[in-house]
Amino acid sequence: AWNGSVSGGVADVERCVTTYRRCTVHDNLAAAFFMSGKSHVVTDSIIYNQSRDFVIRNGTVIDGTGLPRYRADVAIQGNRIAAIGRSIPEKGKEELDATGHVVTPGFIDGHTHMDAQVFWDPIGSCSCWHGVTSVVMGNCGFTLAPGAEKQRDMVLSNIIRAEDISADAMAAAIQWQWTTFREYMEVVDKLPKSINYAANIGHSALRTYVMGERAFGEKATPDDMTAMERELLDALDAGAAGFTTSLNEGHRTPDGDHVASYYSDWSELSHLVRVMGRHGRGFFELSRERESRSADPAVRAPGNQRLLELAVETGVPITFGLPPGGNGSQANLDLIDATARAGGRMFGQTHSRGVSHILSFRSRTQFDNLPGWKKFRAMPLEEQRRALQWLRQRAADAGVCSDYANGFHVAIHEAKDRLTVIL
């Protein structure tokens with residue numbers, strides 16, 4: 001039996017009091033058995049019933065406490081863990097031999113963008129295929145609410161390119177039946193779902209809802225701040241897990257503009273987080289500014305310091321992405337440690353694998369911010385295609401062979417100069 005949480009796919013759980021054929025467990029936790037791409041998910045409660053609906057036998061239990069793995073049976077009654085033991089004597093109405101497989105708590109994915117997907121995917125793929133039983137959506141300030149139906153296109157413009165979610169798919173699948181975040185939560189509650197969802201309220205949607213088109217370029221007025229504060233508190237009261245934002249200049253609208261949250265200043269952000277702190281609700285998640293990844297400590301320092309001070313002053317837990325190995329990675333780890341020593345709560349989110357992106361000329365490429373590439377990318381798509389074909393022909397005329405097929409690599413040698421284009 002387990003009690004606790006799992007963040008970013010890494011278990012952080014506490015062992016409950018367990019006795020033979022009896023187990024004490026608490027709310028909002030799941031266990032999943034992984035076998036042949038399927039997850040058998042159960043949740044928890046206090047159970048003393050001796051009859052068993054389902055028994056997982058001979059599995060290797062890894063409970064997330066840091067204890068060594070051990071072999072055990074897991075008995076389930078209804079949708080609750082009923083017992084864990086070396087050899088549970090009761091027969092189950094259904095039994096599964098888990099020999100050679102692992103039984104673990106269900107994982108909580110702390111950073112997803114399933115806000116739109118939840119409307120057309122009741123099973124929550126592909127998260128559910130990997131033992132994820134709960135997800136947190138609405139990160140980086142990108143949410144579908146708040147926003148009136150007449151603001152739909154503006155609200156979605158924050159999401160379409162930044163998270164590469166098809167506007168046509170959202171138009172086909174989402175019936176806009178809300179204005180406030182509270183109303184959005186009521187709609188999501190009614191959707192069929194196979195996994196658990198926690199929803200954040202996003203800063204870009206909040207700004208767009210309150211400020212309209214002004215959100216994409218202007219600072220918030222005092223009246224704007226009052227309206228945002230009111231909606232934020234109502235969202236948290238309705239069940240929003242936290243408040244999220246993005247200061248990342250790479251997050252853009254389909255037109256190439258920055259998303260709405262990028263145009264806020266620190267006074268706006270810190271004010272809203274302080275509101276959360278005063279009411280003791282929610283956490284703050286952000287996609288950080290480019291300066292946080294600078295190789296220059298002097299450039300990183302101001303942003304790190306103000307984030308530490310905000311965490312300590314407000315008591316609001318703060319979390320952000322922490323890609324491993326890049327500029328500023330160690331400084332961010334040091335920031336988290338320094339915040340903890342100062343009495344604040346701060347957590348990094350990272351991957352157990354390399355970060356990958358889906359790139360295309362129809363959306364964006366990794367070169368779009370390079371000065372020499374911007375003029376080319378501003379051209380219509382067909383003109384870009386012709387320009388690349390011209391480059392390829394020049395390479396052929398120069399007698400330069402590409403190392404890659406289908407024109408993915410073009411190398412042109414002219415005198416002592418060399419131009420390499422990676423597509």
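At what angle do helix α4 and α6 pack? The answer is about 105°, with the axes of α4 (residues 203-211) and α6 13 Å apart. Axes here are lines fitted to C-alpha atoms, for helices over the stretch in contact, and angles run from 0 to 180 degrees between N-to-C directions.

## Before we go on

This is a predicted model, where local features need pLDDT of at least 70 and side-chain atom pairs count only at pLDDT 80 or more, while totals for chains, interfaces and linings use all residues. Residues are numbered from 1 along each chain as its sequence is written, and side-chain values use heavy atoms, with hydrogens and water left out.

Helices (H or I, at least four residues) and strands (E, at least two) are DSSP runs, numbered from the N terminus.

## Helix α4 against α6

Back to that pair: helix α4 and α6 pack at about 105°. That makes α4 roughly perpendicular to α6, a label for angles of 65 to 115 degrees; under 35 is roughly parallel, over 145 roughly antiparallel, and the rest oblique.

On the α4 side, His203, Leu206 and Arg207 make the contact, and on the α6 side Glu268, Leu269 and Leu272 do. Contact means heavy atoms within 4.5 Å. Sorted by class, that's three nonpolar, one polar and two charged residues. Nonpolar covers Ala, Val, Leu, Ile, Met, Phe, Trp, Tyr, Cys and Pro, charged covers Asp, Glu, Lys and Arg, and the others, Gly among them, are polar.

## Helix α6 against α7

Helix α6 (residues 266-279) also packs with helix α7 (residues 297-314), this time at about 25° and with axes 9 Å apart. So α6 is roughly parallel to α7.

Here Trp266, Ser270, Val273, Arg274 and Gly277 of α6 meet Arg306, Leu307, Leu310, Glu313 and Thr314 of α7.

## A look at His271

His271 sits in helix α6. Its relative accessibility is 28%, so His271 counts as partly exposed, meaning between buried (under 20% relative accessible area) and exposed (over 50%), with a 1.4 Å probe and protein chains only.

Leaving aside residues up to four places away in sequence, His271 touches Met225 and Glu229. Glu229 is 42 residues from His271 in sequence, yet their C-alpha atoms are 8.7 Å apart in space.

## The sheet

Five strands form an open sheet in the order β15-β16-β17-β18-β19, with parallel pairing. At its edges lie β15 (201-202) and β19 (346-349), each pairing on one side only. Two strands pair if DSSP finds at least two bridges between them.

Strand β17 (residues 283-287) is joined to strand β18 (residues 318-321) by three bridges. Phe284 stands opposite Ile318 in β18.
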